[in-house]
Amino acid sequence: LPFVDAFDVVFSTATFHWVLDHDRLFANLSGALRPGGRLHAQCGGRTNLARFLERANELARQPEYAEEFSGWTRPSNFATADDTRARLLHAGFVDVDAWQEHAPVTFANADAFRAFVKTVVLRPYLPRIAGEERRAAFVDRLVGDAAHDDPPYTLDYCRLNMTARRP
């Protein structure tokens with residue numbers, strides 16, 4: 001980051017899991033904070049969306065999609081609380097705490113679920129699939145599977161919360 005000793009607080013919601021190198025992220029955030037500055041953040045934790053992503057990854061391995069997903073991995077870093085605590089300490093933070101919080105979200109119906117997963121959860125997947133009809137079939141299959149969950153159309157979010165202070 002181009003900031004040094006610049007901020008009293010860094011606050012982030014639902015972002016850090018898109019950063020693949022958490023060691024570098026936390027080192028940069030530590031440097032951007034003034035002495036005594038605080039980090040308060042929440043992002044996807046280790047088991048975030050586990051059921052849905054397992055289904056999406058399994059579908060991506062099926063013959064009709066396998067070539068497009070060959071060698072691909074979802075660009076996210078769902079870390080554990082223990083790993084996050086250790087990384088924050090390594091970056092020089094003190095008063096470190098990290099914990100996971102299960103926060104499932106149930107959608108009212110298939111259409112609401114479809115709109116959300118198509119726009120948010122499947123955003124990294126869909127550009128890899130050639131053709132709008134094939135992308136729609138991918139989404140429809142996952143929405144159909146979610147109809148059988150208990151409760152239906154529920155995403156199993158797991159939040160990773162963290163707090164820390166720069167000495």
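## Gln42 and its surroundings

Gln42 touches Ser12, Thr13, Ala14, Thr15, Glu101, Arg159, Leu160 and Asn161, leaving aside residues up to four places away in sequence. This is a predicted model. Gln42 sits in strand β2. Its relative accessibility is 22%. Gln42 therefore counts as partly exposed, because buried requires under 20% and exposed over 50%.

Trp18 lies 24 residues from Gln42 along the chain. The C-alpha atoms of Trp18 and Gln42 are 12 Å apart.

Strand β2 covers residues 33–44, and strand β1 covers residues 7–13. The two strands run parallel. Six bridges join them. Across this pairing, Ser12 stands opposite Ala41 in β2.

Helix α1 spans residues 22–32. Together, β1, α1 and β2 form a β-α-β unit. The unit is right-handed.

## Arg166

Arg166 lies in the segment that follows β6 (158–165). Is this residue buried or exposed? Arg166 has a relative accessible area of 18%. The limit for buried is under 20%, so Arg166 is buried.

Its side chain makes a polar contact with the side chain of Asp5, at 2.4 Å. Asp5 is also among the residues that Arg166 touches, not counting those up to four places away in sequence.

Definitions and conventions:
Residues numbered from 1 in each chain as written. Predicted model: local features only at pLDDT ≥ 70, side-chain atom pairs only at ≥ 80, totals over all residues. Heavy atoms only, no water. Pairing = 2+ DSSP bridges. Helix = DSSP H or I, 4+ residues; strand = E, 2+ residues; numbered from the N terminus. Right-handed = clockwise from strand over helix to strand, strands pointing away. Buried < 20%, exposed > 50% of the residue type's maximum accessible area, 1.4 Å probe, protein only. Polar contact = N/O pair within 3.5 Å; in protein donor to acceptor, adjacent residues only side chain to side chain. Contact = heavy atoms within 4.5 Å.
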